[in-house]
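Biologist: Can you put the model up? I have a few questions about the fold.
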Amino acid sequence: MQPHGYAVGQSVELLPGRYDGNIPRGAYTVLRQLPNDGTDREYRVRNQRDGHERVVRESQLRPGPVTPFG
């Protein structure tokens with residue numbers, strides 16, 4: 001199994017797919033790397049604007065902007 005591509009505390013951009021409902025796009029912070037046997041790793045992330053948390057797949061994420069605090 002390949003390692004996760006994003007680290008805890010890292011800022012990422014969520015790009016939901018067509019069938020992901022109305023998940024807001026934008027900046028999120030990685031809270032946890034979740035165990036997963038599949039090829040698409042999963043993460044627990046928090047929206048930086050409204051604070052909502054959700055579980056997303058690595059294929060939905062892109063590296064976010066670099067912030068001065070992490």
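Biologist: Among contacts in the protein chain between residues at least 6 apart in sequence, what share joins residues at least 24 apart?
Modeller: That share is 40%. Keep in mind that this is a predicted model.

Biologist: How many helices and strands are there in the protein chain?
Modeller: Zero helices and five strands. Along the sequence the pattern reads β-β-β-β-β.

Biologist: In which order do the strands sit in the sheet?
Modeller: The order is S4-S3-S2-S1-S5, in an open sheet with antiparallel pairing. Strand S4 (53-57) and strand S5 (61-63) each have a single partner strand, so one side of each has no neighbour in the sheet. On average, neighbouring strands are turned by 50 degrees against each other, ignoring direction.

Biologist: Over how many bridges do S1 and S2 pair?
Modeller: Four bridges join strand S1 (residues 11-14) to strand S2 (residues 26-34), in the antiparallel sense. Leu14 faces Gly26 in S2.

Biologist: Switching to Asp50. Where is its place?
Modeller: Asp50 is in the loop between strand S3 (42-47) and S4. A polar atom of the Asp50 side chain lies 2.9 Å from the backbone nitrogen of His52.

Technical notes:
Residues numbered from 1 in each chain as written. Predicted model: local features only at pLDDT ≥ 70, side-chain atom pairs only at ≥ 80, totals over all residues. Heavy atoms only, no water. Pairing = 2+ DSSP bridges. Helix = DSSP H or I, 4+ residues; strand = E, 2+ residues; numbered from the N terminus. Axes fitted to C-alpha atoms, helices over the stretch in contact; angles between N-to-C directions. Polar contact = N/O pair within 3.5 Å; in protein donor to acceptor, adjacent residues only side chain to side chain. Contact = heavy atoms within 4.5 Å.
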